[in-house]
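Subject: Handing over the structure

Hi,

Here is the structure I said I would pass on to you.

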Amino acid sequence: MPLHMTKIAYGAQSAASLRRWLESHDAEARLSTRYLPKRHEEMNGGSLFWIHEHAIVGRSPLIGFEQRQDGRWDIRLEPRLIAVEPRAKRAHQGWRYLKAEAAPRDLDGDMEGEALPPRLVGELAKLGLV
């Protein structure tokens, strides 16, 4: 089972705007990070799960990692957002690992039509309802 990672969708106004940003790239989308994840070899076949408004809202399959000339690393992603069951997740800096058994399931269909709004997921989680 592959290891995944989570990251805040910083600057995204909504899951739809995150999807538009990802899809604006042809072959791959890239994110910059200071360090190569120590467990990067375990992430072969994994995904980056996006957090927006304190909830995991979707995932992008990982292609790999590539070091840049300035010493930083690029996280290489497929330029698509796959809808997942929204799950409350606290904000954090950088990225964090997510084990496969703890990852939310993919949703069938359109992200906007089936998923609860991230803010509502966070409120329901506070009440212990999700």
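Below is what I found, going from the whole chain down to single residues.

First, a caveat: this is a predicted model.

**The overall picture**

The protein chain has 3 helices and 7 strands. Of its 130 residues, 42% count as buried. The accessible surface of the chain is about 7,900 Å², and carbon and sulfur atoms make up 48% of that. Take the contacts in the chain with a separation of 6 or more: 68% of them come from residues 24 or more positions apart.

**The cores**

The largest nonpolar core has 20 residues, and those touching the most other members are Met5, Leu18, Leu48, Trp50, Leu62, Ile75 and Leu77. Two or more residues come from each of helix H1 (15–23) and strands S2 (29–33), S3 (47–52), S4 (55–67) and S5 (73–77). Apart from this core lies another one, of 6 residues, including Phe49, Ile51, Ile56 and Leu98.

Once you set aside its neighbours within four places in sequence, Ile75 is in contact with Met5, Ala29, Arg30, Leu31, Thr33, Leu48, Leu62, Gly64, Phe65 and Trp95.

Next, find strand S1, residues 4–8. Why is S1 largely enclosed by the rest of the structure? Because 4 of its 5 residues are buried. S1 pairs with S7 (residues 95–98) through 4 bridges, and these two strands run antiparallel. Within that pairing, threonine 6 has arginine 96 of S7 as its bridge partner. S1 also pairs with S3, over 4 bridges and in the parallel sense. There, lysine 7 stands opposite tryptophan 50 of S3.

Alanine 55 lies in strand S4. Its relative accessibility is 0%, so alanine 55 counts as buried. Alanine 55 is 34 residues from lysine 89 in sequence, yet their C-alpha atoms are 4.9 Å apart in space.

Serine 32, in strand S2, is partly exposed, with a relative accessible area of 31%. From serine 32 to arginine 72 it is 40 residues in sequence and 6.8 Å in space, C-alpha to C-alpha.

**The S3–S4 loop**

Glutamate 53 lies in the loop between S3 and S4, and its phi is positive, near 50°. Histidine 54 has its place in the loop between S3 and S4 too, with a positive phi near 65°. Glutamate 53 is partly exposed, at 31% relative accessible area.

**Rings**

How many aromatic pairs does a search of the whole structure find? It finds 1. There is also a charge over a ring to look at: arginine 39 lies over the face of tyrosine 97, at 5.2 Å from the ring centre.

That's it from me. Over to you!

Definitions and conventions. Residues are numbered from 1 along each chain as its sequence is written. This is a predicted model: local features need pLDDT of at least 70, side-chain atom pairs count only at pLDDT 80 or more; totals for chains, interfaces and linings use all residues. Side-chain values use heavy atoms; hydrogens and water are left out. A nonpolar core is a set of buried Ala, Val, Leu, Ile, Met, Phe, Trp, Tyr and Cys residues joined through side-chain atoms within 4.5 Å. Buried means under 20% relative accessible area, exposed over 50%, partly exposed in between (1.4 Å probe, protein chains only). Contact means heavy atoms within 4.5 Å. Accessible areas come from the Shrake-Rupley method with a 1.4 Å probe; for residues, only the protein chains shown count as cover. Two strands pair if DSSP finds at least two bridges between them. Rings of Phe, Tyr and Trp (its six-membered ring) pair if their centres lie within 6.5 Å; planes under 30 degrees apart count as stacked, over 60 as edge-to-face and the rest as tilted. A charge sits over a ring if NZ of Lys or CZ of Arg is within 6 Å of the ring centre and within 35 degrees of the ring normal.
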